[in-house]
Amino acid sequence: MTGDSGAGQTTSLTLGEVVRAALPDFSHTHRLPAHHWKVLRAIAACHTAALGGHQYQCAHCGEEHFAPHSCGNRHCASCQRLKGARWLEQQTEHLLPIPYFHVVSTLPHELNPLIQHNQARLYSLLFSSATATLLEFGRNNLQATLGVTAVLHTWGQNLGDHYHLHCVVTGGGLSLDGKSWVSLRPQWLFPVRALSVVFRAKFRDGLQQLFDAGQLQFPRTGPRLADPLVFARWLRRLCRHKWVVYTKRPFAGPQAVLAYLCRYTHRVAITNSRLEALDRQVGTVTFGYKAYAHDRQIRSMTLSLAEFLRRFCLHILPPRFVKIRHYGLLANRDRPARIAQARALLAQGPTQPEEEQPLVVTVKPVEPPPLVCPYCGHAALVLIRVIERPQTPILWDTS
């Protein structure tokens, strides 16, 4: 199966191609917020003439070549790779020569219907509950301020709703008086059971505050949670079970942190590489997924185009919602000063043995790949004109 390319060359199947195939019928059978339609139309138009483009001529063979513009939408699988790499360049200067830990905080699936009706508020509550837990353990156990970079993910491998927060945590922090660096044991963060209990309590209390303030909307089906007694019983039942906080093995140095961030920060619900086949006649799309219940085997799933798009829409973020956030030592305000202070204090510490010295972090500047002539294969394209976006509505208009 082939798709469209920004360079006019044949590539594998893309999310944009699937959305273009699904939108005509989907727009007549589903009701979505205006913001969702805007995202879907942008992805459908990505790398097509609907957005205009650049007209090139090859200096080697003389053939002309049209390169359509990209949409730049943060939900578009074709547009995020370069953005992620450029964001990574900016974060490199804040890495320290210390161990880093990876913590994943997951919300129970019983919360899914409520989250779908209160995305912005409950996503923010997930951020605040998980990161406040980690910072509190740093203050209480180490008497230090840790650094946390948190990334929101809302999906599972099958595109279902699976709300969890990935946190990269510094293996130590500035002492509360700012006069020393306090290190964590290199193979251990904090007990996950204790983290889970505190995380659950903070989210529970925040959820109760939102309810008391009348800031929650409730699904029409299921328990009548708008009733205070029903909500209280439901919340107690929700908190009887353990909530999952998972601490992965520490990263193998700053270079591994970069590799992780580059992989996860700008990921969307499904990448182009997981798309396997699009059957326009039957109206289905097939994609690969990792079956965690079966030893992480790679399997294929086929969905109708409507069901695929419905699942994808579960993961469209609210307008202007920030899904990558920094806390504590890495908080945006005055971060360069705190990082400089941390580096100075780390330099005053004992010298590490040569085999334990942290890796030198280097990131090559990221540039878009050179445009190659699709006719002769030479990188000799010369821009001759810019073609503006057409004024007529695009074919995938959902109005």
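The protein comprises ten helices and 14 strands, as seen in a predicted model. Of its 399 residues, 47% are buried.

Helix α1, spanning residues 15-29, and helix α9, spanning residues 305-313, have axes that come within 9 Å and cross at roughly 110°. Helix α1 is therefore roughly perpendicular to α9, since angles of 65 to 115 degrees fall into that class. On the α1 side, the contact is formed by Leu15, Val18, Val19, Ala21, Ala22, Leu23 and Phe26. Their partners in α9 are Leu305, Ala306, Phe308, Leu309, Arg310 and Phe312. In the contact of α1 with α9, twelve residues are nonpolar, none is polar and one is charged.

Attention now turns to the aromatic rings, of which the structure holds twelve pairs. A pair of this kind is described by the distance between the ring centres and the angle between the ring planes. For Tyr123 and Tyr163, the centres lie 5.9 Å apart and the planes stand at 45°, so this pair is tilted. Tyr123 belongs to helix α5 (residues 119-142) and Tyr163 to strand β6 (residues 161-170), so their pairing ties together parts 40 residues apart in sequence. Tyr123 and Tyr163 are both buried.

Phe211 has a relative accessible area of 13% and is buried. Phe231 is likewise buried, with a relative accessible area of 0%; both values meet the cut-off for burial, which is under 20%.

Returning to the tyrosines, what do ring pairs link into a cluster? The cluster consists of Tyr123, Phe127, Tyr163 and Phe321. Two of these rings also have a charged neighbour in Arg325. Arg325 lies over the face of Phe127, at 4.3 Å from the ring centre. The charged end of Arg325 also sits over the ring of Phe321, at 4.7 Å from the centre of that ring.

Technical notes:
Residues are numbered from 1 along each chain as its sequence is written. This is a predicted model: local features need pLDDT of at least 70, side-chain atom pairs count only at pLDDT 80 or more; totals for chains, interfaces and linings use all residues. Side-chain values use heavy atoms; hydrogens and water are left out. Axes are lines fitted to C-alpha atoms, for helices over the stretch in contact, and angles run from 0 to 180 degrees between N-to-C directions. Helices (H or I, at least four residues) and strands (E, at least two) are DSSP runs, numbered from the N terminus. Angles under 35 degrees count as roughly parallel, over 145 as roughly antiparallel, 65 to 115 as roughly perpendicular and the rest as oblique. Contact means heavy atoms within 4.5 Å. Ala, Val, Leu, Ile, Met, Phe, Trp, Tyr, Cys and Pro count as nonpolar, Asp, Glu, Lys and Arg as charged, and the others, Gly among them, as polar. Rings of Phe, Tyr and Trp (its six-membered ring) pair if their centres lie within 6.5 Å; planes under 30 degrees apart count as stacked, over 60 as edge-to-face and the rest as tilted. Buried means under 20% relative accessible area, exposed over 50%, partly exposed in between (1.4 Å probe, protein chains only). A charge sits over a ring if NZ of Lys or CZ of Arg is within 6 Å of the ring centre and within 35 degrees of the ring normal.
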